[in-house]
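Q: I would like a close look at a single part of this model, taken residue by residue. Please state the cut-offs behind each term as you go.

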Amino acid sequence: MATRVQPYDIGCEPSPSVPAETLLQDGWKTYLLFWAVGKAARGSGGLDDLGVAVMDCRDCAMSRFGYPNDEGLPEHPLYAAGLGSAGTAVVEVLDSAWAAEVAEQRLASARRIWGGRGMDWGWARNRTHRHFVVTFKEATFECIASELVVERFCATFDAAYAQVLAEFRKR
């Protein structure tokens with residue numbers, strides 16, 4: 001099957017006019033923070049400001065963040081697969097070569113490490129490896145994760161940072 005993208009609903013959209021997206025990761029968790037707006041236009045045609053979204057990239061195995069920005073998006077390898085016409089900034093990539101590559105690497109490691117010790121490594125086959133893309137005004141975020149979940153909206157980036165740091169301290 002051919003690689004293609006489909007919209008992925010996280011309940012909001014990144015603000016099209018406020019470039020402040022921030023990626024926060026440690027060895028266990030991955031969070032993407034961004035100014036969020038509602039998905040539907042108000043009567044005046046504007047979008048509701050929701051504050052700073054704290055999005056958890058659940059079970060994130062790998063991520064990349066940076067180029068392209070909105071002007072460079074037509075050069076993204078997934079642009080022709082529907083990224084340019086998805087109608088949303090948040091998509092899932094179906095039949096992703098990157099997700100398959102990461103899944104195979106993780107399986108090979110589990111087989112080598114756990115199988116080499118005579119232990120069951122079958123749990124590794126049940127891991128979910130989905131490829132997500134979130135486009136912003138000044139950057140693009142991609143990850144291999146099980147799902148994307150907006151956990152909350154905060155009034156400021158300071159409050160959002162505090163929320164994520166509290167999560168990091170739980171480990």
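A: A contact here means heavy atoms within 4.5 Å. On that basis, and leaving aside residues up to four places away in sequence, H129 touches A99, V102, A103, R106, I144 and A145. This is a predicted model, in which local features need pLDDT of at least 70 and side-chain atom pairs count only at pLDDT 80 or more, while totals for chains, interfaces and linings use all residues. Residues are numbered from 1 along each chain as its sequence is written, and side-chain values use heavy atoms, with hydrogens and water left out.

As to confidence, pLDDT is the predictor's own estimate for each residue, from 0 to 100; the chain has a mean of 90, and 93% of its residues reach 70 or more. The lowest confidence is in helix 1 (residues 97–113), at a mean of 85, and the highest is in strand 7 (residues 90–94), at 98. Helices (H or I, at least four residues) and strands (E, at least two) are DSSP runs, numbered from the N terminus.

H129 lies in the loop between helix 1 and strand 8. It counts as buried because its relative accessible area is 17%, where buried means under 20%, exposed over 50% and partly exposed in between, with a 1.4 Å probe and protein chains only. The side chain of H129 also makes a polar contact with the side chain of R106, at 3.3 Å; such a contact is a pair of N or O atoms within 3.5 Å, and within protein one must be able to donate a hydrogen and the other to accept it, with residues adjacent in sequence counting only if both atoms are side-chain atoms.

R130 is found in strand 8 (residues 130–135), and with a relative accessibility of 25% it counts as partly exposed. Its contacts, again without residues up to four places away in sequence, are Y8, E92, C143, I144, A145, S146 and E147, and its side chain reaches the backbone oxygen of S146 at 3.0 Å. R130 and L50, by comparison, are 80 residues apart in sequence and 26 Å apart in space, C-alpha to C-alpha.

C143, one of the residues that R130 touches, is buried, with a relative accessible area of 0%. The sulfur of C143 is 4.3 Å from the closest cysteine sulfur, in C57, and is therefore too far for a bond, a disulfide being a pair of cysteine sulfur atoms within 2.5 Å. A search of the whole structure finds zero disulfides.
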